[in-house]
Amino acid sequence: MRGIGRMVSSFVGFVLVLTTLLAVVPTTEAQLRRDFYADVCPNVESIVRSAVTKKFKQTFVTVPATLRLFFHDCFVQGCDASVMIASDGSNKAEKDHPDNLSLAGDGFDTVIKAKAAVDAVPGCKNKVSCADILVMATRDVISLARGPSYAVELGRKDGLVSRASDVEGKLPQPSFNLNQLNAMFAANGLSQADMIALSAAHTVGFSHCSKFANRIYNFSRTNPVDPTINPTYAKKLQDMCPQDVDPRIAIDMDPNTPRRFDNMYFKNLQQGMGLFTSDQILFTDRRSKSTVNIWAHSGRTFYTAFIDAMTKLGRVGVKTGSDGNIRTDCGVFNS
């Protein structure tokens, strides 16, 4: 009987410890769900999609601008729309950090217009966060660019803090190698496969010449042009980006299908046509090369991996409960 008593006591103790452990494990993922707004704003996804489609018809820049805005938001303070806050006299916000100055205004405008469309519906007014609208808008621009469509998890609150100082060292740079990329993504709970899949967003992006000029003019003392670049591609880049180029000039990151979200990014890497060092390294490093080859061969396999990576990215640092609120204006904290 004593043995049984000790067993029961041990079991109870184990349950108490397990319960305590579970209590401190973040439950962000569980708090997000696809039907979060079903009772308060059931048509929110169609409202957002309509507004995003209207913006998309005005300019294709809507696609890469919104996608990049989402990524930059989630990697700093989590997916809480903190990147949208405007600086004021007492605070320099995230969007004014040097790494965010190149974020295209069309991304911000897409979210602002979608938010206005949602709030124009009486039952939805001030019920849907800017963070969730950004997640939905990002999914929609990918679909509009003939990429995959997928269900999104909702239930995020908007962040209460936005500081430019928090951006430092949180976003990947064009010069990163595989170790640096993996470390930065791992810090956000994302794997190497997630990183490679998300890098393919560059299939619809554009870049200013200054971001890759070193690869085509002064890579090293012995090799002015990065030897991993396809020579024909390097010559085209030099023609589009002469050394005295206007700093406002930008070129497509995907030279083949720049207006379609597809797996061409990986096919380009196989041909030495990755624009950034951080792109081409995915093919030149043997640890990631096989993944590039698989996704270059199968767009469907890539889409599956991309959707999974985007879902995981959307869970990073999510604010719920009193950790956030729902902004009435995406660019300003509630007073």
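## Overall shape

Along the principal axes, the C-alpha atoms fill a box of roughly 80 × 60 × 40 Å.

A word on the ground rules: this is a predicted model, in which local features need pLDDT of at least 70 and side-chain atom pairs count only at pLDDT 80 or more, while totals for chains, interfaces and linings use all residues. Residues are numbered from 1 along each chain as its sequence is written, and side-chain values use heavy atoms, with hydrogens and water left out.

## Secondary structure and surface

The chain holds 14 helices and two strands. These are DSSP runs numbered from the N terminus, with helices being H or I of at least four residues and strands E of at least two.

Of the 335 residues, 47% are buried. Here buried means under 20% relative accessible area, exposed over 50%, and partly exposed in between, with a 1.4 Å probe and protein chains only. The accessible surface of the chain is about 16400 Å², and carbon and sulfur atoms contribute 56% of that; the areas come from the Shrake-Rupley method with a 1.4 Å probe, and for residues only the protein chains shown count as cover. As for charge, there are 38 positive and 32 negative side chains, and the centres of the two sets are 4 Å apart. Lys and Arg count as positive and Asp and Glu as negative, leaving out His and the chain ends; each charge is placed at NZ of Lys, CZ of Arg, CG of Asp or CD of Glu.

In soluble globular proteins, nonpolar side chains tend to be buried together. In this chain the largest nonpolar core has 74 residues, and those with the most contacts inside it are Val48, Val118, Phe266, Leu282, Met310 and Leu313. Helix α6 (residues 130-144) supplies the largest share of this core, with nine residues. Apart from it lies another core, of 13 residues, including Phe212, Ile229, Tyr233 and Cys241. A nonpolar core is a set of buried Ala, Val, Leu, Ile, Met, Phe, Trp, Tyr and Cys residues joined through side-chain atoms within 4.5 Å.

Leaving aside neighbours within four places in sequence, Val48 is in contact with Ala114, Val118, Ile133, Met136, Ala137 and Asp140.

## Helix α12 and its cover

Six of the eight residues of helix α12 (residues 277-284) are buried, so this helix is largely enclosed by the rest of the structure. The buried residues are Ser278, Asp279, Gln280, Ile281, Leu282 and Phe283. Their cover includes α7 (178-186), α8 (192-199), α9 (213-217), α11 (264-270) and α13 (286-297). Phe283 has a relative accessible area of 16%. Not counting residues up to four places away in sequence, Phe283 touches Leu269, Gln270, Lys289, Val292 and Asn293. The C-alpha atoms of Phe283 and Asn293 are separated by 8.2 Å, with the two residues ten apart along the chain.

## Helices α7 and α8

Helix α8 is mostly covered too, with six of its eight residues buried: Asp194, Met195, Ile196, Ala197, Leu198 and Ser199. What covers them includes α7, α11, α12, α13 and α14 (299-313). Over in helix α7 sits Asn182, a buried residue with a relative accessible area of 19%. Beyond its neighbours within four places in sequence, Asn182 is in contact with Gln192 and Met195.

## Loop residues worth a look

Ala81, in the loop between α4 (62-74) and α5 (105-119), has a phi near 60°, a positive value in a residue other than glycine. Ala81 is buried, with a relative accessible area of 0%. Asn126, in the loop between α5 and α6, also has a positive phi of about 60° although it is not a glycine, but Asn126 is partly exposed at 33%.

Ala164 lies in the loop between α6 and α7 and is buried, with a relative accessible area of 7%. Not counting residues up to four places away in sequence, Ala164 touches Lys92, Ala93, Glu94 and His97. The C-alpha atoms of Ala164 and Val83 are separated by 9.1 Å, though the two residues are 81 apart along the chain.

How values were computed
Contact = heavy atoms within 4.5 Å.
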